[in-house]
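Please read the points below with the structure open beside them. They are set out one topic at a time.

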Amino acid sequence: MKTQKFKKLFKASTLALLISTSVSVYAAPQDQIIAIVGSTAILKSDLDQGVAEATHRLQAQKKEIPPQNILQQQVLSQLITHDAQLEQVKKYGLKADEKSLNEAVLKVAQQSGANSLEAFQKKLDAVALGTYELLRNRVAEDLLIQRLSQQQVMSRIKITDLDVENFLKSPEGQAAVGSQVHVLHMRISGEAPASELESIAKAVRTDLKDSNDVKSIEKKFSTAQVKVDGADMGFRPLSDIPTDLAARVTTLEPGQTTDLIPAKDGVHVLKLLEKKSNEQKALVPQFNTRHILIKTSEVVSPENAKQTIDSIYNRLKAGDDFATLASTYSNDPGSARDGGSLGWVSPGMMVPEFDKLMQSSPVNEISKPFQTQFGWHILQVTGTRQQDMTSEYQKRMARQILGERQFESEYDGWLRELRANTYIEIKDPSLDPKKNES
């Protein structure tokens, strides 16, 4: 789960460096320490560079620039949070892999008009020697902080099956899965006293329970002082219905009416005629698969494992029973007990080599031995089907939405705890908001 917050932070911290060409890459000889974060010192040159980047960013966005002392406090707070996270990165020993780092730096390069890392390095180092290396280090820090934040915050998010079930029943959840409802809508309004409007609304609701003829009900109860409006709203997405009304509809079964719904423009009553979900189903191909696995170990060399799987393959081709050989020889205890059966397998559940061969194997054909990270395999697909995974898809989507919703608050909470548990000393009192509170 990647949030917009991470994307914005990443873009701001990298692109701003590119355009802040007037900022010195290296600290001045007499640089001043303005804050201590754990074992890290924040220098005045760090703050000056951060302020320059923030100023340029605000100017580019045509936003008002705060007074200098306020901007310095805001930037210092960001630097402290950044360094507090880097302290945790060091604690957990996280390292950025070269492939991901190169891809991230290349994205920054492309945003600045360079099509290769080499061209990008020449462009930056022409401004000031060492700028490319500095940017690369900052991108690496951003990647590591992002990974740390993802790991720490995701571990705090708890979503139960009941949470998912309740969300899917809610108007938001129903709208998310594309639910549509066919609703009759009655509104009772006018100059009559509130008690009279309520009395007529109750009568309208009683008639609506037994009849779908909204125009007849409208005509029956409208008077000089009371206006009754009825409408057949037809099928429409729940997302198109006002939230307060949609919340009432989602709890109804077809044929039921809501209680009276008082509002500024009158009293509303709705009747649900029919409900349907998005007709597009998530059909997933599945493969009824069984396999035999021979692993290498301290006592089974790669050569011996290959010889064993080849011998089993030859016996299968000669007519020996697959289930019997799997139960006898397979090193996958979970499937070996069931004759090698893995049951119905969806694409993406197995490692790539296994998955690709499984999807391309004709039904009942025994594969040649092949190797994965787990050892040597032989597989056989005994059947295929299209499985309706709509319910599972909707539950995964609900978990993702609920997770995104929790992520922001948990992320902010994690940052507060991180700062509270990190040693922080601000040397310059003018930069400490607590000491400047009146």
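1. K62 lies in the loop that joins α2 (44-60) to α3. The model is a predicted one, and in it the phi of K62 is near 55 degrees, a positive value in a residue other than glycine. With a relative accessible area of 77%, K62 is exposed.

2. A second residue with positive phi is N364, at about 75 degrees, and N364 is not a glycine either. The loop that holds N364 runs between α15 and β9. Is N364 buried or partly exposed? Its relative accessibility is 48%, so N364 counts as partly exposed, since that class lies between the 20% and 50% cut-offs.

3. On the α3 side the contact is made by H82, Q85, L86, Q88, V89 and Y92. On the α6 side it is made by E141, D142, L144, I145, L148, S149 and Q152. Sorted by class, the contact of α3 with α6 has 6 nonpolar, 5 polar and 2 charged residues.

4. Helix α7 (residues 161-169) packs against α16, at an angle of about 100 degrees and with the axes 9 Å apart. α7 and α16 are therefore also roughly perpendicular to each other. From α7 the contact draws on D161, D163, V164, F167 and L168. From α16 it draws on Q394, K395, A398, R399, I401, L402 and R405. By class, this contact of α7 with α16 has 6 nonpolar, 1 polar and 5 charged residues.

5. D163 deserves a separate look within that contact. It is placed in helix α7 and, at 32% relative accessibility, counts as partly exposed. Which residues does D163 touch, not counting residues up to four places away in sequence? They are K158 and L402. D163 and L402 are 239 residues apart along the chain, and their C-alpha atoms are separated by 8.4 Å.

6. Helix α15 (residues 352-360) has F354, D355 and M358 as its buried residues. Viewed down the axis of α15, these buried residues fall within an arc of 95 degrees, so they line one face of the helix. The face turned away from that buried side carries the exposed residues P352, K356 and S360. What do the buried residues of α15 pack against? Their partners are β7 (283-294), β8 (341-345), β9 (370-372) and β10 (375-388).

7. On aromatic side chains: the structure holds 4 aromatic pairs. One of them is formed by F120 and Y132, which are edge-to-face, 6.1 Å centre to centre and with 85 degrees between the planes. This pair links distant parts of the chain, with F120 in helix α5 (residues 117-127) and Y132 in helix α6, 12 residues apart. F120 counts as buried at 0% relative accessibility, and Y132 is buried too, with a relative accessible area of 6%.

8. Another aromatic pair is that of Y411 and W414, which is tilted: 6.3 Å centre to centre, with 40 degrees between the planes. Y411 and W414 are 3 residues apart in helix α16 (residues 390-420), so about one helical turn separates them. Y411 counts as buried at 4% relative accessibility, and W414 counts as buried at 6%. Ring pairs also bring in F407, linking F407, Y411 and W414 into a cluster.

9. The last point concerns T258, which is placed in the loop between α11 (243-249) and β5 (261-263). Leaving aside neighbours within four places in sequence, T258 is in contact with R205, R248, L252, V269 and L270.

Definitions and conventions: Residues numbered from 1 in each chain as written. Predicted model: local features only at pLDDT ≥ 70, side-chain atom pairs only at ≥ 80, totals over all residues. Heavy atoms only, no water. Contact = heavy atoms within 4.5 Å. Helix = DSSP H or I, 4+ residues; strand = E, 2+ residues; numbered from the N terminus. Nonpolar A, V, L, I, M, F, W, Y, C, P; charged D, E, K, R; others polar. Buried < 20%, exposed > 50% of the residue type's maximum accessible area, 1.4 Å probe, protein only. Arc of directions from axis to C-beta. Phe/Tyr/Trp six-rings, centres within 6.5 Å; stacked < 30°, edge-to-face > 60°. Axes fitted to C-alpha atoms, helices over the stretch in contact; angles between N-to-C directions. Parallel < 35°, antiparallel > 145°, perpendicular 65-115°, else oblique.
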